[in-house]
Amino acid sequence: MKQNLLSKEVESKLSDLIAEELKAMYTYVAIANWCQDNGFLQAYDFFLAESKDEKEHSEVLQKYVLDMGCTPSLKDIKVPSSDFKTIKDVIYAAYDMEVALGEMYSDFSIELAKKDVLTFAKIQEFLKIQTESIGFFGDICSAAEGLADTKFEQLYLEKILVKN
Ligand SMILES: [Fe+2]
């Protein structure tokens, strides 16, 4: 008979992380829509692709929960903010979100190290993904520093964003 290989705590934490990935998916949809609405047409495509990646991340976690003999439980997701003035605001928001997610995976990883090595190994994949995202958006944040909020300079920043 198939067993449930996850403890209640690990299962609950994985549900939180699945919700966080879906929240990131939803946030990037809101960001993409803001970009399109404000004439940042390449950033629209870029953030829609980011949104698809986040959906995939949630699916990888859900598949893991299923493989471990459990059913992933889904949660309500709050409507994301689209209160941006410039593409720089968007990039800072993306960076902050990726850092927060990275910290969640990191904290979870520390908890898991001694009690659930299977899940610990799975979470390492996500730490790698987060490290790359934090590095990427951190670089764009650096490029954004000192740029004015004029449309011309923000369109230049968009070019740097989509080129990477
Ligand atoms: Fe993700």
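**Helix packing**

Analyst: Happy to. H4 and H5 cross in a right-handed sense. This is a predicted model, and in it the axes of H4 and H5 (residues 151-163) come within 10 Å and cross at roughly 155°. Since angles over 145 degrees count as roughly antiparallel, H4 is therefore roughly antiparallel to H5.

Now for the pair at the other end of the numbering. Helix H1 covers residues 8-37, 30 residues in total, and spans 43 Å from its first C-alpha to its last, close to the 44 Å expected at 1.5 Å a residue. After H1 comes Gly-39, which has a positive phi near 85°. The axes of H1 and H2 (residues 41-67) come within 8 Å and cross at roughly 165°, so H1 is roughly antiparallel to H2 as well. The crossing of H1 with H2 is left-handed, and the contact of these helices has 18 nonpolar, five polar and five charged residues.

The largest nonpolar core has 34 residues, and Ile-31, Cys-35, Ala-43, Phe-47, Val-90, Ile-91 and Ala-94 have the most contacts inside it. At least two residues of this core come from each of H1, H2, H3 (87-112) and H4 (117-144). H1 gives the largest share, with eleven residues. As general background, nonpolar side chains tend to be buried together in soluble globular proteins.

Conventions:
Residues numbered from 1 in each chain as written. Predicted model: local features only at pLDDT ≥ 70, side-chain atom pairs only at ≥ 80, totals over all residues. Helix = DSSP H or I, 4+ residues; strand = E, 2+ residues; numbered from the N terminus. Expected span 1.5 Å × (residues − 1). Axes fitted to C-alpha atoms, helices over the stretch in contact; angles between N-to-C directions. Parallel < 35°, antiparallel > 145°, perpendicular 65-115°, else oblique. Left-handed = near helix turned anticlockwise from the far one by under 90°. Nonpolar A, V, L, I, M, F, W, Y, C, P; charged D, E, K, R; others polar. Core = buried A, V, L, I, M, F, W, Y, C linked by C-beta atoms within 7 Å. Buried ≥ 20, exposed ≤ 12 C-beta atoms within 10 Å, placed from the backbone.
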